[in-house]
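Dear colleague,

Please find the structure we spoke about below. My notes on it come after.

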Amino acid sequence: MKPGNIIEVNGLKKAYKTSKRDPGLINAIKALFKRQYMEKEALKGITFSVKKGEILGLIGPNGAGKSTTIKALSGVLFPTSGTVEVLGYTPWEEREDYVQHIGVVFGQKPQLVWDLPAMDSFEMHKEVYNIPPREYATRLKRMIRLLSLEEVVKKPVRDLSLGERMKCKLVASLLHNPDLVFLDEPSIGLDVIAKNIMRDFIIETNKHNRTTFIITTHDMQEIERLCKRVIIINHGGIVYDGPLHGIKQQFQSFKVVDVKMETERNTFSKKGCTVLEKRPYELRIQIDTKKTTIKEVINLLIKRYDVADINVSDPPIEEIIELVFRQ
Amino acid sequence: MRRQQASGWRKGLAVTKLGFKESLAYKFHYFVSLFGVPVNVLIYYFLWKAIFTYSGQDVINGYTLQEMVTYYVIVMLVGFITYSQVDEWIEYEVVHGHMVNAMMKPLSYFKWHLYNTLGMNSLGIIIQIIPVMLVGLALGLKAPSPGNLPLLIIAITIAAALYHLLTYLTGLAAFWLLRIRGLRRSRRVIVAFLSGSMLPLTFFPAGMQKVFSFLPFTFMRFTPVQIYMGKVAAAEAVLGLCIGLAWVLALYLVTRWVWERAFKKFSGAGI
């Protein structure tokens with residue numbers, strides 16, 4: 001492993017069989033006797049490395065292979081081929097030793113005992129992860145203060161709000177001061193305030209302990225604020241690996257034009273243009289300036305449409321990512 | 001730098017404690033069963049009282065009515081002590097995709113569930129034993145002979161281990177079948193029948209008894225009860241427990257073999 005790296009993934013491939021079935025009762029009965037299988041390649045040989053102390057964003061549409069990547073890295077998945085080395089371990093080979101070094105938050109899975117206060121789950125973590133009592137006490141106190149969980153950790157988990165529960169899961173995943181933390185959709189369903197608190201907390205933990213974070217999310221603002229580097233996965237392959245602003249540069253040729261009209265018109269077609277949104281008196285058009293110019297488009301709009309207002313801007317990060325996905 | 005793992009005992013105790021705390025959250029559930037469970041003893045009592053009355057005999061297949069009551073009470077107590085619902089939990093985890101949680105802990109999946117079972121069930125054992133004992137005593141429950149106590153404790157430990165292992169194995173089937181309610185029920189009925197919790201195994205033909213005595217089920221209920229009641233000679237009991245112990249070892253090895261495949265299946269097919 002190269003100095004400074006804590007993760008090295010080489011040609012990671014994962015194919016699995018899933019049963020498939022056409023809809024309908026007859027087919028359901030048929031499937032009882034004869035199953036049809038379909039081979040799916042979740043990961044098509046991905047290669048990347050992560051340095052200690054990085055906050056890496058892993059993004060991609062649903063089913064792109066993000067979760068598969070996280071599962072392979074956290075040791076619960078046997079890959080079809082390729083190698084993974086994390087902190088000197090091959091994750092799926094020495095799972096029990098390895099998991100002492102990592103923390104995982106699954107945004108969509110319950111990870112604390114539902115009918116007990118989170119504090120009880122924390123206590124169990126303290127023993128199971130062999131955390132020295134004094135370290136445990138100071139770390140817990142600090143996290144409780146940063147996330148304002150003083151009262152929250154004493155209530156049964158079932159009575160907590162989604163945001164409170166997520167914060168508690170984050171605490172649980174960090175109690176043993178792991179070198180590496182996976183956050184799988186940590187902000188799913190949270191309001192802006194909770195998201196901000198979590199985000200600041202992650203940045204603070206990263207600075208304070210040099211904890212490496214790998215985050216999957218669909219929230220581009222979150223990625224923009226947290227991650228200097230993103231990996232975009234689509235159809236089981238890496239389509240982009242680099243700083244977030246790098247994607248913007250790659251798509252600098254794209255502009256977005258918002259037009260408001262006095263009369264109702266909602267069609268527009270021109271080479272190099274895509275209509276992103278249509279409303280009765282509004283159009284949102286994306287222009288690829290390699291194929292056409294802003295001037296041409298605006299001239300055309302003014303000539304043919306009853307234009308009330310025009311606004312030209314760079315596309316927001318969400319739309320850029322969408323472009324990457326579509327490629 | 002590699003981190004030092006906590007000792008197995010420390011981890012086990014922590015998971016057991018958490019399970020116990022969790023069971024305290026459901027204490028109401030146990031207090032309700034306080035009223036229902038003893039009724040079972042009464043049912044068996046009246047059933048056998050009727051059988052004894054109509055047969056006109058004082059001893060049936062070597063059992064008096066009082067011994068019969070003792071038999072069922074002890075079967076129930078052994079049942080409480082050896083209880084395991086780990087198959088239900090595994091099914092739930094597999095169906096909802098929550099096993100990853102257990103896999104993120106520095107404990108084997110087997111141990112995680114073993115300690116959790118211990119913690120979750122100890123409260124139930126304590127609460128349920130008392131009313132059954134009281135009803136049993138009222139109906140003439142016989143005390144064990146003190147000399148048999150060490151053997152009895154070993155027998156109950158073996159019974160608990162076998163029952164848990166079998167339940168765990170049933171649970172692992174969920175990795176292939178997902179929903180295993182049917183399998184769970186079948187297992188329960190088969191165990192009830194072959195372990196002697198429905199009817200003392202001595203009521204079956206000699207040939208069948210011979211076969212039963214080599215199956216693991218015998219050691220889950222029948223053997224501890226026989227030892228409690230002093231119906232087997234010490235030498236015979238020791239021999240029986242050796243077979244039981246061999247079964248524990250065998251089933252444990254089977255669970256490991258199955259688990260390796262279950263984990264491969266789980267990690268291979270996506271979660």
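This is a predicted model: local features need pLDDT of at least 70, side-chain atom pairs count only at pLDDT 80 or more; totals for chains, interfaces and linings use all residues.

Residues are numbered from 1 along each chain as its sequence is written, and chains are lettered from A and ligands numbered from 1 in the order in which they are written.

**Contact between the chains**

Chain A contributes 29 residues and chain B 28 residues to the contact, where two residues are in contact if their C-beta atoms, placed from the backbone, lie within 7 Å. On the side of chain A that touches chain B, at least two residues each come from helix 2 (66–74), helix 3 (95–98), strand 5 (102–106) and helix 4 (118–128) of chain A. Helices (H or I, at least four residues) and strands (E, at least two) are DSSP runs, numbered from the N terminus. Helix 4 of chain A gives the largest share of that side, four residues. By class, the side of chain A that touches chain B holds 15 nonpolar, six polar and eight charged residues; Ala, Val, Leu, Ile, Met, Phe, Trp, Tyr, Cys and Pro count as nonpolar, Asp, Glu, Lys and Arg as charged, and the others, Gly among them, as polar.

**Helices of chain B**

Helix 1 (residues 8–25) of chain B has 18 residues and reaches 26 Å from its first C-alpha to its last, close to the 26 Å expected at 1.5 Å a residue (1.5 Å times one less than the number of residues). Its buried residues are B:K11, B:G12, B:A14, B:V15, B:L18, B:G19 and B:K21. A residue is buried if 20 or more other C-beta atoms lie within 10 Å of its own, exposed if 12 or fewer, and partly exposed in between, with C-beta atoms placed from the backbone. The buried residues of helix 1 of chain B pack against helix 4 of chain A together with helix 6 (109–138) of chain B.

Helix 2 (residues 27–55) and helix 3 (residues 65–81) of chain B pack at an angle of about 155°, with axes 10 Å apart. Axes are lines fitted to C-alpha atoms, for helices over the stretch in contact, and angles run from 0 to 180 degrees between N-to-C directions. Helix 2 and helix 3 of chain B are therefore roughly antiparallel (over 145 degrees; under 35 is roughly parallel, 65 to 115 roughly perpendicular and the rest oblique). Among the residues that make this contact are B:Y44, B:W48 and B:F52 of helix 2 of chain B and B:M68, B:Y72 and B:M76 of helix 3 of chain B. The residues of the contact divide into 11 nonpolar, one polar and one charged.

For helix 3 and helix 6 of chain B, the axes come within 9 Å and cross at roughly 175°, so this pair is also roughly antiparallel. The residues of helix 3 of chain B that meet helix 6 of chain B include B:V69, B:V73 and B:F80. This contact has nine nonpolar, three polar and no charged residues.

**Three residues of chain A**

A:N177, in the loop between helix 6 (162–174) and strand 6 (180–184) of chain A, has a positive phi near 50°. With 16 C-beta neighbours inside 10 Å, A:N177 counts as partly exposed. A:R210 has phi near 55°, also positive, and lies in the loop between helix 7 (192–209) and strand 7 (212–216) of chain A. A:R210 counts as exposed, because 11 C-beta neighbours lie inside 10 Å.

A:E277 is in strand 11 (residues 273–279) of chain A and, with 12 C-beta neighbours inside 10 Å, counts as exposed.

Regards
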